[in-house]
Amino acid sequence: MEITLVPLLLPEIQRQFDLSVGNLAWVFNAYGLAVAVGVLLGGLCGDLFNTRKIFGYGVVFFAAGSLVVAAAESFEVLIIGRALQGFGGGIFSPLVPLLLTRASPEKPGRMLIVWGSIAGYVAAFAPLFYGGFLGEHGWNLAFVLTAIIAFFAFVILNRTQTADELAPDSNPKADYLALFQARDLWVTFVYVFCTYGSITYYLFRLPVWLSSNEVTAASVGLVLSIVWLTFSGFSTLLRNMVDKPHVRMIMLAAPFLIAAGFPLSYFNENLFLLVLSSFLVGSGLACSNAPSTQLILRFAPKGMSAISTSLDITFARLGGIATVAILAETEFAYATPAIFLACMIAACCALVACRGLANGP
C-alpha cells in the first residue's frame, strides 16, 4: 500500500506544501534512503536473533512514522515521518522472503511469487479504493489507514505462535569475506538496482505528468492499479515456472518489457498507449521480482540469507533513489535513453547471473 499510494498522493502533497519537483523527490526518496539503512540492520539482526521479534519492531517503527506523516504540518516533519516509516519498513522487509522460503524450501520460487502476487493485488486495489472513496478527504487519511493496518499486523504477529527457523546459538558463523567474494550475488544486485530504479522512476514521474495534464486522482489511481494488477496476474501465471530453467528467460525479459513500456508513457493523452505502458512495466516488475530474490538466496553464503535479502532491498531502493534524484527534473527526451541504458545493463547482468546459476551446484 505504501508503494502504490504515495505516488498517487504526491500531487496533493506538492500543492499543500508548495513544493518544487526537486523537493517532492525528497518526500519520495526519504523513505527509500531510510529503508536502505533499516534493511541492513534488519538483515543482520534477522540472522542473529528471533526473526519474529525483529519483524515486530519494524512494524512498530513503520506505524509510528505513518502517524507522524499524517500529522505533519511542515516539510521538515513530513521528511522525518517518511524516514521513520522507511526505517521500520527496512527492518521487517528482508525477513519476509526469508521466512517464506524457509517455510517452503522445496519450492522457494513458487512461494515468493505467490506472496508477490497477493501483495500485488492489495497494492493494485489500494489506489483504486483511495481514489474512488477517500480522495476527497485529504492525503493524510491514507497514512492514518496505513498506520491502522500496521497496528493490526502487529497484533496478529503477537497472537500467532511460529517456530523460529534457527536458534540464535545454532546459527552458522557469518563469513563476510565470502559475501564480498560471491560474484554472481553482486551481479544480481546490479540487476536489481537497474530494474527497480527504472520502475521506481516510472511510478514517481507518471502521476506528476498526469496531474500536470489535469488528470483526476481517481484516473491516476486507475493507471497505477493497472501496473500492479498486471504484476499480480503475471506473477500468478509464472508461479509454476520460476523453479525451473525458465527462470533465465523470465529474468531476461524484465528489462526489455520495462524499456518497451517507458516511452509509451509520454503519450499520456492516449488512453490505449497509457494502459499498454502500464501493462508492460507491470509485466517487467513481475519478471524481475521473484526470480532475482530467488537467485540472491541461491548465491548467498551459508548463514547469510537475511543480510543478502537485506542487500537485495537496499540495492532496489538505492536504484530508485539514484534514478529519481538524477532524473526528477529531466525532460522526457533525456530520461528515456537513461532508462534504456539502465535496462540494457540489467539485461547483461541477467545473462551473467543465469550463467552462474547454470554452473552452480
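**Exercises on a predicted model**

Phe61 has a relative accessible area of 35% and is therefore partly exposed. The exercises below concern a predicted model, and each is followed by a worked solution.

**Exercise 1.** Decide which kind of aromatic pair Phe61 and Phe87 form, and find which helices the two residues belong to.

*Solution.* Begin with the distance: the ring centres of Phe61 and Phe87 are 5.4 Å apart, and rings count as a pair if their centres lie within 6.5 Å. Next take the angle, which is 85° between the planes; the pair is therefore edge-to-face, since planes over 60 degrees apart are classed that way. Then place the residues: Phe61 lies in helix α3 (residues 51–71) and Phe87 in helix α4 (residues 75–92), so that the pair links parts of the chain 26 residues apart. Finally, consider the cover on Phe87, which at 22% relative accessibility counts as partly exposed.

**Exercise 2.** Classify the aromatic pair of Phe28 and Phe204, and state whether these residues are buried or exposed.

*Solution.* The structure holds 16 aromatic pairs. In the pair made by Phe28 and Phe204, the rings are 5.3 Å centre to centre with 55° between the planes, and the pair is tilted. The pair links distant parts of the chain, with Phe28 in helix α2 (residues 21–48) and Phe204 in helix α9 (residues 183–212), 176 residues apart. As for cover, both Phe28 and Phe204 are buried.

**Exercise 3.** Find which residue forms a salt bridge with Arg183, and compare the exposure of the two partners.

*Solution.* The partner is Asp184, and the closest N and O atoms are 2.9 Å apart, where a salt bridge requires a separation within 4 Å. The count for the structure comes to 1 salt bridge. Arg183, with a relative accessible area of 55%, is exposed, whereas Asp184, at 17%, is buried.

**Exercise 4.** Name the residues that make the nonpolar surface patch of about 370 Å², and locate Ile148.

*Solution.* The patch is made by Ile148, Phe151, Phe152 and Val155. Ile148 is found in helix α7 (residues 140–159), and its relative accessibility of 40% makes it partly exposed.

Terms used:
Residues are numbered from 1 along each chain as its sequence is written. This is a predicted model: local features need pLDDT of at least 70, side-chain atom pairs count only at pLDDT 80 or more; totals for chains, interfaces and linings use all residues. Side-chain values use heavy atoms; hydrogens and water are left out. Patches are made of residues with over 30% relative accessible area and no salt bridge: like charges are joined within 9 Å, nonpolar side chains (Val, Leu, Ile, Met, Phe, Trp, Tyr) within 5 Å. Accessible areas come from the Shrake-Rupley method with a 1.4 Å probe; for residues, only the protein chains shown count as cover. A salt bridge is a side-chain nitrogen of Lys or Arg within 4 Å of a carboxyl oxygen of Asp or Glu. Helices (H or I, at least four residues) and strands (E, at least two) are DSSP runs, numbered from the N terminus. Buried means under 20% relative accessible area, exposed over 50%, partly exposed in between (1.4 Å probe, protein chains only). Rings of Phe, Tyr and Trp (its six-membered ring) pair if their centres lie within 6.5 Å; planes under 30 degrees apart count as stacked, over 60 as edge-to-face and the rest as tilted.
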